[in-house]
Each structure stands twice: as C-alpha cells, then as structure tokens.
Amino acid sequence: MLTERLFRTDDLPPAERFDGWRELMSKTLCPMDMNSDRAAQFQAQTRLLELGPVSVWPTMVEPMSWRRTPRLIRQSDPENYHVTLPITGSVGVTHAGREAVHGPREMHVADTSQPFHCVTGALHAVGLEVPRKLVPLRKERADLLLTRRLPAEEGYGSLLAQLLEQLAKGTGPYGPADGPRLGSIIVDLLSSLLAHLLDADSSLPPDTHRQTLVLRVRAFVQQHLHDPQLTPCTIAAAHHISTSYLHRLFQNEETTVAAWIRRQRLECARRELADPTSRTTPIHAIATRCGYPRASDFTRAFRTVYGTPPMEYRHQAQHLAE
C-alpha cells in the first residue's frame, strides 16, 4: 500500500476543529486565509498520498472559503499547480482575472504563486499538487488555462480523472515503491492535457484569440504591479506584440491599458491598507509594493480616486473592522 496520512477533524475537540484544519492546510499545501460560517460545527477529513514530489488529496469538507493573498505568497510559495477534481459539490474560483464555478468532474487548475479565492459548499473532491517546474510549459502559456474547465470525460483529462478517482477509492493494489512511478504518470498526464488544450486554442477564431490575449495581459499586469517600469511598452514587448496593437486590443474594454494599470495599483494598495494583518506595514512600503516608488505620487493618486488620504483610509477601515 502507498504511504498515506489521514487527518480527521473528528479526532479533535469541537472547538479546535476548524483551527486544526486551517493549520494543516497552511502547513502542508501553502499558507491560506480560511473562513467558514460553520466553524463551530466544522467537519472535514483528508488523506495525503505522497507520490514522490506529487501529492494527491482525497478530501471531504463542509462549506468554507479559502484565499491565497499576495502577502501569503510572499510569506511562502511552494510554486505548485493545484488541480481540483470535484466528485460531489462545486467550487467557485476567482483567479488570474477570471471567475468560474466548477461542478462534479469539472477539473480546474490554480497556481499557488498567484492570488486566488475559492468558495465551496459541502464538497467531496480530489486535490492534486504538482511542482510547476515539472510541467514543461512556459508559464505565460499555462496561465491561459488557470480557472478554465479541464475536460474529465475524454482524452488526457479522462485518464487523469480516472487515476485520481481510483487513488481516492483506495491504494491497495500499489506498494510504497509505486508512489514515484504514479507521480510521474500524473505529471505526464497533466502536462499532456494542458499542452493539448493550448494546441486546440491555436485553431480558435480571431475574436477568441483577441480575448485570450487580453486575459493574458491582465494576468501579466496583476503579477507585475510592483514594477514601476510596467508600461504599455514593456507589456507589449513581453507579449511579442506592438504597442499600437496592445492599444487596439483594449479599444473594446472599459478603459485604456495605462488607466487600467493605475486602477489596479490603487486597488492593490487599498486592499492592503484595509487588511488588519498589514496594520504595522508602513504606507510607503505598501505603495512601493503596488508600483508607487514615490510616496507623494501615491498619496495624491489615492486621494483623487478614493477621496481620502491613505492614512485616513487605513484608520477608517480598521475602525470598521473592530
């Protein structure tokens, strides 16, 4: 039998169950903010199957939400792709500038190096952790598939889903030495599935290509808000297109590229200012992380958009949170 670890909240006193689950997930997956309206009666269980560098997590959990924030990413990042295969229930995910809801047998992939937010009701699912460095795809290409439904009924997706479901049911047929072999098979199936979907995208109509490129640009901006040199010119160069073509891509959007960058930087700063865990972080440090190396520029831009200086906004947000 494969080496596995079992965790059940029923093994803990009721008052400690949700905190115990939160600590387990943060230590073994990656740091996350977790919440549940049922924390006082929370129940969950998971089996951790370690297949070499790959981990498989058959899990049952009650309604909850979890969030991977920029602060937590800076704290610790395993640089994994996380795949979720719901068996029953559904998962709502916001990630890489996109939103989606995935029901039974609708797999999706997330990147622990990028912020995401997930919400679920009662869920029975299989989670999969694969080091990103093992997937032989350029990151900017794989980013196009974040939050998208990965088909589990045909092709590589079907093979991957069947293997994950089989491992969730039991590992009796396998011995400890089979773990790394199974891990290699899973990496190959996931890599082939992602590559196949990206190849299929190359035959999509021009309008779909345009929208896909806009999504790539938005994801790129979110990842590089800290860089004061982030401009339409540098974005165009990173995506191997001309600056004029980049501007044409945004003609049908609500705002220009430059204005959207400014708004995303300010929203990044506003979220950190309102975050109680960042109350001791100097405002100039938050401004720098969000792409404003000069505090005076940040203060002026923030007050123009939100009608109050950053310091006053922080005080108001913290007062409301108390």
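Modeller: Let's start with β5 and β10 (residues 116-120), which pair in the antiparallel sense over five bridges. Within that pairing, W66 stands opposite C118 in β10. Keep in mind that this is a predicted model.

Now look to the other neighbour of β5. Three bridges join β5 to β2, and these two strands run antiparallel as well. Here W66 in β5 turns up again, this time standing opposite M34. As for how enclosed β5 is, four of its five residues are buried, counting a residue as buried when its relative accessible area is under 20%, so the strand is largely enclosed by the rest of the structure.

Zoom out and you get an open sheet of five strands, with antiparallel pairing and the order β2-β5-β10-β7-β8. Its edges are β2 (33-35) and β8 (98-102), each pairing on one side only. On average, neighbouring strands in this sheet are turned by 10° against each other, ignoring direction.

Something packs on the sheet too: helix α1 (residues 17-28), which touches β2 and β5 (64-68). The direction of α1 makes about 150° with that of β2.

Technical notes:
Residues numbered from 1 in each chain as written. Predicted model: local features only at pLDDT ≥ 70, side-chain atom pairs only at ≥ 80, totals over all residues. Heavy atoms only, no water. Pairing = 2+ DSSP bridges. Axes fitted to C-alpha atoms, helices over the stretch in contact; angles between N-to-C directions. Contact = heavy atoms within 4.5 Å. Buried < 20%, exposed > 50% of the residue type's maximum accessible area, 1.4 Å probe, protein only.
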